[in-house]
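Me: I have just opened this entry and would like a short tour. Could you walk me through it?

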Amino acid sequence: AQGFSSIWTRKIDGRVESRPNARAPTAAETRFQIWASILSGAKAVFFFTYQSFQEPSADSKAALEEWETNVGLRTLKGEETEALKELGAVGRKLKPSYPLLGRLEPEGGAVVEGDILARRFEDASNGRLYAVFLNRSLTEPRPIPPELLGRMGLAAAKPLEPGDGRLVAVP
């Protein structure tokens with residue numbers, strides 16, 4: 001999330017950093033990060049947890065306990081957090097498209113209409129066209145404007161949840 005640091009950057013170069021505004025991304029920001037990457041032409045997206053099997057030092061543990069410790073992908077005890085559950089939900093939604101993502105080539109730049117970004121892609125293996133839509137609003141669902149759908153070669157689409165995106169085949 002722009003302007004903020006997540007839990008894994010709170011100890012830098014052996015010293016504890018004090019960042020009063022540090023927080024983990026919200027569910028909408030997590031979705032946005034993933035779909036913005038895809039809209040930009042990413043061939044794959046992955047997340048991982050920084051996890052050590054060693055007990056943290058006393059000063060590190062004290063610093064971690066001082067912060068919101070359940071905002072990463074796992075708690076200090078290794079339990080799932082809401083952020084990890086959200087990543088799983090987005091991953092399940094994208095899973096059928098994993099092979100396709102690696103073959104998509106951007107066709108021109110992104111088009112913006114209000115809070116919705118859109119970009120066309122071509123499948124390099126067969127020439128089929130696709131469109132990726134992204135809701136830039138992190139707080140409100142947004143419909144995809146009819147003009148934007150028309151520019152992408154589509155007639156209709158369901159609204160997008162905050163920060164969410166969609167990959168659609170163009171007929």
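Predicted model: local features only at pLDDT ≥ 70, side-chain atom pairs only at ≥ 80, totals over all residues.

Me: Which strands form the open sheet, and in what order?

Reply: The sheet contains 4 strands in the order E3-E4-E5-E6, with antiparallel pairing. Strand E3 (104-113) and strand E6 (165-169) are its edge strands, as each pairs on one side only.

Me: How many bridges join E4 to E5?

Reply: There are 7 bridges between strand E4 (residues 116-123) and strand E5 (residues 129-135). Phenylalanine 121 stands opposite tyrosine 130 in E5.

Me: Which helix lies across those strands?

Reply: Helix H1 (residues 27-39) lies across E3, E4, E5 and E6, and runs at about 145° to E5.

Me: Changing topic: where is glutamate 86 found?

Reply: Glutamate 86 belongs to helix H3, which covers residues 82-94.

Me: Why does glutamate 86 count as buried?

Reply: Glutamate 86 counts as buried because its relative accessibility is 17%, and the cut-off for buried is under 20%.

Me: What is glutamate 86 in contact with, leaving aside its neighbours within four places in sequence?

Reply: With those neighbours left aside, glutamate 86 is in contact with Ala27 and Arg31. The side chains of glutamate 86 and arginine 31 are joined by a polar contact of 2.9 Å.

Methods: Residues numbered from 1 in each chain as written. Heavy atoms only, no water. Helix = DSSP H or I, 4+ residues; strand = E, 2+ residues; numbered from the N terminus. Buried < 20%, exposed > 50% of the residue type's maximum accessible area, 1.4 Å probe, protein only. Polar contact = N/O pair within 3.5 Å; in protein donor to acceptor, adjacent residues only side chain to side chain. Contact = heavy atoms within 4.5 Å. Pairing = 2+ DSSP bridges. Axes fitted to C-alpha atoms, helices over the stretch in contact; angles between N-to-C directions.
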